[in-house]
Amino acid sequence: MNFFSVIMPTYNQAHFIRRAILSLYEQTYPNWELIIINDGCTDETEMFISDFLDDARVVYIKNENNQGLGYALNQGLKVAKFDLIAYLPSDDYYFENHLEMIEAPFRQDKDVVLVYT
């Protein structure tokens with residue numbers, strides 16, 4: 001079974017981020033790590049995610065200043081442990097079978113390099 005590194009950059013999305021994270025926890029596909037990049041948030045994001053940070057599957061990066069989406073995504077890519085990369089914006093969410101659905105083509109065909117929905 002493959003593993004996903006799910007990259008979640010965030011900037012001032014405190015009111016949405018828990019929904020996004022919980023949608024990852026509810027996946028039918030259990031093999032993932034979550035990389036949260038706090039890109040200089042000035043809201044209560046840290047308070048809203050603090051209970052997830054003790055999970056060994058969650059990596060947390062905090063930028064003191066906002067560096068922009070591209071910079072944050074690259075930070076996530078640098079620390080990703082797994083070959084399969086998924087993107088989960090902090091103001092979005094996954095349906096419960098999202099990772100299972102996008103992993104299947106990689107398992108079925110070794111020539112697949114990109115899957116999107």
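Biologist: How do the residues of the lining of the second largest pocket divide into nonpolar, polar and charged?

Modeller: This is a predicted model, in which local features need pLDDT of at least 70 and side-chain atom pairs count only at pLDDT 80 or more, while totals for chains, interfaces and linings use all residues. Residues are numbered from 1 along each chain as its sequence is written, and side-chain values use heavy atoms, leaving out hydrogens and water. A pocket is an open set of points on a 1 Å grid where a 1.4 Å probe fits, with protein on both sides within 12 Å along at least five of seven lines, and a lining residue has an atom within 4 Å of a point. With Ala, Val, Leu, Ile, Met, Phe, Trp, Tyr, Cys and Pro taken as nonpolar, Asp, Glu, Lys and Arg as charged and the others as polar, the lining divides into six nonpolar, five polar and two charged.

Biologist: Which residues lie nearest the centre of the second largest pocket?

Modeller: This pocket has a volume of about 150 Å³. Strand β1 and helix α3 (69–79) each supply at least two residues of its lining; helices (H or I, at least four residues) and strands (E, at least two) are DSSP runs numbered from the N terminus. Of the 13 lining residues, those nearest the centre are P9, T10, Y11, L69 and Y87.

Biologist: Is T10 buried or exposed?

Modeller: T10 is found in strand β1. Contact requires heavy atoms within 4.5 Å, and beyond four places in sequence T10 touches I17, I36, I37, N38, D39, C41, T45 and S90. Buried means under 20% relative accessible area, exposed over 50% and partly exposed in between, with a 1.4 Å probe and protein chains only. At a relative accessible area of 2%, T10 is buried.

Biologist: How many nonpolar residues are in the lining of the largest pocket?

Modeller: The largest pocket holds about 400 Å³ of space. Its lining has 21 residues, with Y87, Y94, H98, I102 and T117 nearest the centre, and β4 (84–87) and α4 each contribute at least two residues. Two lining residues are polar and two are charged, while the nonpolar ones number 17.

Biologist: What is the relative accessibility of A86?

Modeller: A86 lies in strand β4. Apart from neighbours within four places in sequence, A86 is in contact with F4, S5, V6, I7, Y94 and L99. Although A86 and E33 are 53 residues apart along the chain, their C-alpha atoms are separated by 10.0 Å. A86 counts as buried because its relative accessibility is 6%.

Biologist: What covers the buried residues of α4?

Modeller: The buried residues in α4 are H98, L99, I102, E103, A104 and F106. Their cover includes β1, α1, β2 and β4.

Biologist: Within what arc do the buried residues of α1 fall?

Modeller: Buried in α1 are A14, I17, A20, I21, S23 and L24. Viewed down the helix axis, these buried residues line one face of α1, so the arc that holds them is 165°. The cover of this buried set includes β1 (4–10), β2 (32–39), α2 (45–49) and α4 (98–108), and the arc itself is 165°.

Biologist: Which residues of α3 are buried?

Modeller: The buried residues of α3 have a cover that includes β1, β2 and β3 (58–63). The residues concerned are A72, Q75 and G76. Down the axis of α3 they fall within an arc of 95°, so one face of the helix is lined by A72, Q75 and G76.

Biologist: What is the phi of N12?

Modeller: N12 lies in the loop between β1 and α1 and counts as partly exposed at 26% relative accessibility. Most residues other than glycine have a negative phi. N12 is not a glycine, yet its phi is positive, at about 55°.

Biologist: Which residues does N97 touch, not counting those up to four places away in sequence?

Modeller: N97 is found in the loop between β4 and α4 and is partly exposed, with a relative accessible area of 37%. Beyond four places in sequence, N97 touches Q27 and T28.

Note on methods. Arc of directions from axis to C-beta. Points joined across faces, edges and corners; volume = space filled by probe spheres on them.
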